[in-house]
Number of protein chains: 4
Amino acid sequence: MQLAMIGLGRMGANIVRRLMRQGHDCVVYDVNAEAVQALVAEGAVGADSIPDLVSKLQVPRAVWMMVPASLTGQVADEVAAVLEPGDALIDGGNSNYRDDVRRAAVFRESGIDYLDVGTSGGVFGLERGYCLMVGGPDAAVQRLEPIFRTIAPGPGEIERTPGRSGDFAPEEQGFLHCGPSGAGHFVKMVHNGIEYGIMAALAEGLNLLENADAGIREAQHSAEIAPLEEPEFYQFPIDTAKVSELWRRGSVVSSWLLDLTAAALNQNPTLDGLAGRVSDSGEGRWTVKAAVDVGVPVPVLAASLFERFASRDEDRFANQVLSAMRLQFGGHQELPSGDVLEAGSRRSESGKGS
Amino acid sequence: MQLAMIGLGRMGANIVRRLMRQGHDCVVYDVNAEAVQALVAEGAVGADSIPDLVSKLQVPRAVWMMVPASLTGQVADEVAAVLEPGDALIDGGNSNYRDDVRRAAVFRESGIDYLDVGTSGGVFGLERGYCLMVGGPDAAVQRLEPIFRTIAPGPGEIERTPGRSGDFAPEEQGFLHCGPSGAGHFVKMVHNGIEYGIMAALAEGLNLLENADAGIREAQHSAEIAPLEEPEFYQFPIDTAKVSELWRRGSVVSSWLLDLTAAALNQNPTLDGLAGRVSDSGEGRWTVKAAVDVGVPVPVLAASLFERFASRDEDRFANQVLSAMRLQFGGHQELPSGDVLEAGSRRSESGKGS
Amino acid sequence: MQLAMIGLGRMGANIVRRLMRQGHDCVVYDVNAEAVQALVAEGAVGADSIPDLVSKLQVPRAVWMMVPASLTGQVADEVAAVLEPGDALIDGGNSNYRDDVRRAAVFRESGIDYLDVGTSGGVFGLERGYCLMVGGPDAAVQRLEPIFRTIAPGPGEIERTPGRSGDFAPEEQGFLHCGPSGAGHFVKMVHNGIEYGIMAALAEGLNLLENADAGIREAQHSAEIAPLEEPEFYQFPIDTAKVSELWRRGSVVSSWLLDLTAAALNQNPTLDGLAGRVSDSGEGRWTVKAAVDVGVPVPVLAASLFERFASRDEDRFANQVLSAMRLQFGGHQELPSGDVLEAGSRRSESGKGS
Amino acid sequence: MQLAMIGLGRMGANIVRRLMRQGHDCVVYDVNAEAVQALVAEGAVGADSIPDLVSKLQVPRAVWMMVPASLTGQVADEVAAVLEPGDALIDGGNSNYRDDVRRAAVFRESGIDYLDVGTSGGVFGLERGYCLMVGGPDAAVQRLEPIFRTIAPGPGEIERTPGRSGDFAPEEQGFLHCGPSGAGHFVKMVHNGIEYGIMAALAEGLNLLENADAGIREAQHSAEIAPLEEPEFYQFPIDTAKVSELWRRGSVVSSWLLDLTAAALNQNPTLDGLAGRVSDSGEGRWTVKAAVDVGVPVPVLAASLFERFASRDEDRFANQVLSAMRLQFGGHQELPSGDVLEAGSRRSESGKGS
């Protein structure tokens, strides 16, 4: 089958490669001509503009956009302007599902099928396949199934879920028509929201393990600093790289994110060079906002998002306000920072009425 | 090698089976004589009391306890009373690591090696192997390594972590000497704390997906109830059984807990018959308390614990207080429960000053 | 000064009364003619339609709307249709500040000044005065200051903030021009978000006090249920009505919400008759969404919102998923509900590997 | 009545002053002889050792300790050694209520009444009075009531709670016998836990107000940084000093902590000089641990505690782990810090698959 790809960044290019390996024909375009040339060298047909790309496609056409979310609207308009009724336009990027709902309604008037495809897989997708969450009209999704089946991981060697038998359902092959326009990115959004929560659970737990030796470290500062309560219970210098490797086998928390954590800690056990200013990429925010809209409590997902904000010091004024109140009601001065503080901050003050 | 097992519940019995399959000799005891007989029929040596059990062991002896945490202290004392210097006593249950620290110090005086072994694997451990987190003195841990290696899953077919090569390290085989006495159960405790967080992340996300059709349901109640803001964005009847199956392939959230979720939802897509009163089993609580002790923030792990408390209505008085305040300052009456409330509770009231 | 009021519910009517007591002239309208008559009897000029109301005003006119947020847009359009350039339209309801930003831009084109006034005070406002958070164009705000000053509480007997002297600033009198259109309702929104957090802090703390006797109650269920760890430390039957009264004097948590809590608990110490299904009224949701938009961490405000959702069982499917997972990996059955559970749910299970 | 005071820090000394102003006799001791002299100059009887202090008291004696919690145990033992049956020993510091439970049991054997008195009031207590939460045996509490009544604020001019009439109950005078030994500090502990929650609610809300101009600031960085979604809704430069003053009048969030916040922001609107590294003083931690023990959900109180930990960078390793995972699965590099980041961190990345 034939697919056009606009946007040849890491993900777009690797999806093209995965399709070509299975015999699909790809026509490719990117604002960066070198990215086009690289894929032409691997067998793709190149295009030097969106109209050129569209002109090289058989009808009904299928055009996949894999561009930054901030550009998707503009690119979609440009493509739609040269498509014809019956063609399909696919947004495989990380768009807000609300944009899909809006765009699909617009393009529907022109007879163009608009599909939103949440795509998970990251840098490993070329080999591992991409998990595809698809939203859009039934007929178009059905027509493009060969494409989705190829991009997706397939059933692989993953143990089959008890109760399932016979032919593999689409979801067992790694793609699913989740519902009408927007449903694909909605499911992808929630997927990423969950991702934040799992990441935070692992990170918080490992941080606790990393500090399981607080009772030992405390002793080194005994002169200036009041001791940790019950330091005898915090005498464990835990090797988090080994523990994360261990948990990959037979534990309840085994997961792909744990695999990655084990790899990261094996390479760099102290994580030197990372400042711990954690970015977030939209879907975590949209997940919390959607949950608020429909009244679903998501304390864990929200907490994991807010931890990231705080990691970037977005809590600064709030913390200054807290210190200011403490100064007002108790005359409490902030502790100085520095080496002493590191130990000091791990214990509580005491004996000061408030 | 020879191992004695006290406590032949599901986990104790299956550990014995796994050991015997690999040629180890097991002497077994349980207060339930039938449980003993069942394993004798499979090749174990039976005992009818703790002294009997100990008398059937070669020195240096190794006795593994797999009993409810509330009984461990008492059983440990009974066993220790008939052990000799150089013997090893292993607690494989879900003890609080603080008890290990205390007990190890006591038994050390008698020359008995006390080991704490956090054991993860649940009902799947017999086939999959148990992930073992070991705390205790070096020499004893080393002596018992053949036992640990057999109980553990082994390297299996799990892809090796990049950067690791050569012989498989213990952690790659599924067991790890985590540190001195208590370290095993400390790491297991944190493991379970993380487990709570991952479970909550998945559960919250799936709940949001389950409510992604709020805009459709709202319409059915339009007469009495003010509409959801922007119902057009919540028109997705998502099949959570299919989505959880989908995510098992190529997604970032793939994990064993997701595998189990997919299985549960495949069997019972609406989860009928479950009341959603979620129990907790100690380690999640201990994790939060340990984090508080050492001053490590664990908002996600704590939120996941508190969700469980709230699922059992432990938040009832707090919620009554909130309703009482609202009644005081705004004259707000509680909405009646029932069918109308289900829709109504998903949207906000408006237009009432406070 | 003259003010027209549309919407004579509790707040609208009381604002009119407060204005008339200070000599202002009020022209009033409501869809409910009885509400109009009641205020006419107290000295207001009545109107039987919006055009009638507007026709009775001197230019430049000032019309205050105090209607449910869901109707504000429609009423504003009706009023604006009969206003003239230079007139002012005031929304004193609980609108989303985003609606103010949009409406103000529209009305600005017609030369009408649109003001948004967040109004706090609840049922106590008539006597206590209303705290006013005003957004809109400078000149109009200045023109209406006599109105705001009268509706606001005034400096009262509240101790003056150290460092302030001379004439009372507007904020010391209980009204403030917070910024351009939308700023008033933005500040009111955040006010309510904070209100949720303070309410939750009090409610959670009182719930803990209410359960400080867990160690006593446990003993009554000792036959079937494993004991609370360390019940000796939870032997306190605390009188929360007395404690909340106590804290009103000299404590750090003294606050108006505490005053109300003390009143509620004094009337009804067990809060019988309240189901604890807590409503929320929009602003808490908007606060969390705004914080997510600008990347400000609000874990406490969000947690307080999610507690309300959970109080209405919006966490049900999530909790069922958790129980389903536990059943899968550990064979854990849910505890039965009922009397025993009440005690049982207050302690942790133990001794079950996972 | 006569009272001995050990520990003449700010709170101990001011309690003595408050007692002497009302005609009570005070005998005072501190390791710092100057502190003793200062109070002697104001009318107290000085002592130069604990035995000296005790020798100067009439039987039955009453000794109040106001020393750092870490010293309370030692001082209590020293005092008890020279007390006699029928005497009373009072711990007014910030002790863990568990220590009271333990100590009271010990001293009970010697016939000494041990009272625990949670004392709130901070630097304002001398004038405002101290809110007293009292635990201990009935007879001793009754005997000391004149002391408690004097230290407490009294009914003051605070509006009486509806439904209360007649003589003022103790709780209306600012002191309360909360229950048996430990109950006083238990209630004080929860008080402080609530205090953390209220403080956090105010601080988070003010931080959101402080960032309500994000849409304006964004524009200044437009070259390098993708825009905030919908910057048109974040155009408000809010004056948080004025808003906190405003809310003191007629708003739902009016509270003593808000009064202090208004004072702090009036003095120093930008809070320059405060680093925002917020200390915690034990009770917040104990509150969370007690809630975990009895299974009461306290998501807001816990979140407020964890925010403080995070303000001191105790989340560092967790955040590094998160960045490490992101690097693994998506090749995401951390953003550089600095001026650009300040804007950049306020918006989300987009268009990068994960």
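Hi everyone. Let me start with a term: buried area is the accessible area that two parts lose on being put together, summed over both. Keep that in mind while we look at this structure, which is a predicted model.

With that term in hand, let's go to chain C and chain A. Between them, about 1,700 Å² is buried, and carbon and sulfur atoms give 75% of that. In terms of contacts, 20 residues of chain C touch 20 residues of chain A. What holds charged partners here? There are two salt bridges between chain C and chain A. In one of them, C:Asp293 meets A:Lys289, with 2.5 Å from N to O.

Now let's turn to chain D and chain C. How many residues are in contact here? On chain D there are 98, and they meet 98 residues of chain C. The area buried between chain D and chain C is about 8,100 Å², with 68% coming from carbon and sulfur atoms. On the chain D side, the residues that lose the most area to chain C are D:Leu208, D:Arg249 and D:Val252, and together they account for 10% of what that side buries.

One salt bridge to click on is D:Glu245 with C:Arg164, where the closest N and O atoms are 3.3 Å apart. Which element of chain D gives the most to the side touching chain C? That is helix H10 (residues 183-210), with 18 residues. By class, this side of chain D splits into 53 nonpolar, 24 polar and 21 charged residues.

Let's zoom in on one pair of helices in this interface. Helix H10 (residues 183-210) of chain C packs against helix H15 (residues 299-311) of chain D at an angle of about 110°, and their axes are 8 Å apart. So H10(C) is roughly perpendicular to H15(D). From H10(C), the contact uses C:Gly197, C:Ala200, C:Ala201, C:Glu204 and C:Gly205, while H15(D) brings D:Pro299, D:Val300 and D:Leu301. That makes a contact of five nonpolar, two polar and one charged residues.

Stepping back, the count over all chains is 91 salt bridges. Among them is A:Glu230 with B:Arg98, at 3.0 Å from N to O. This pair crosses between chains: A:Glu230 sits in the loop between helix H11 (214-219) and helix H12 (240-246) of chain A, and B:Arg98 is in helix H5 (residues 97-109) of chain B.

Finally, some backbone details. In chain B, the peptide bond from B:Val59 to B:Pro60 is cis, with omega near -10°, and B:Pro60 is in the loop between helix H3 (50-55) and strand S4 (62-65). In chain D, a cis peptide bond joins D:Val59 and D:Pro60, with omega about -10°. And C:Asp313 has a positive phi of about 65°, although it is not a glycine; look for C:Asp313 in the loop between H15 and helix H16 (316-330) of chain C.

Technical notes. Residues are numbered from 1 along each chain as its sequence is written. Chains are lettered from A and ligands numbered from 1 in the order in which they are written. This is a predicted model: local features need pLDDT of at least 70, side-chain atom pairs count only at pLDDT 80 or more; totals for chains, interfaces and linings use all residues. Side-chain values use heavy atoms; hydrogens and water are left out. Contact means heavy atoms within 4.5 Å. Buried area is the accessible area (1.4 Å probe) that two parts lose on being put together, summed over both. A salt bridge is a side-chain nitrogen of Lys or Arg within 4 Å of a carboxyl oxygen of Asp or Glu. Helices (H or I, at least four residues) and strands (E, at least two) are DSSP runs, numbered from the N terminus. Ala, Val, Leu, Ile, Met, Phe, Trp, Tyr, Cys and Pro count as nonpolar, Asp, Glu, Lys and Arg as charged, and the others, Gly among them, as polar. Axes are lines fitted to C-alpha atoms, for helices over the stretch in contact, and angles run from 0 to 180 degrees between N-to-C directions. Angles under 35 degrees count as roughly parallel, over 145 as roughly antiparallel, 65 to 115 as roughly perpendicular and the rest as oblique.
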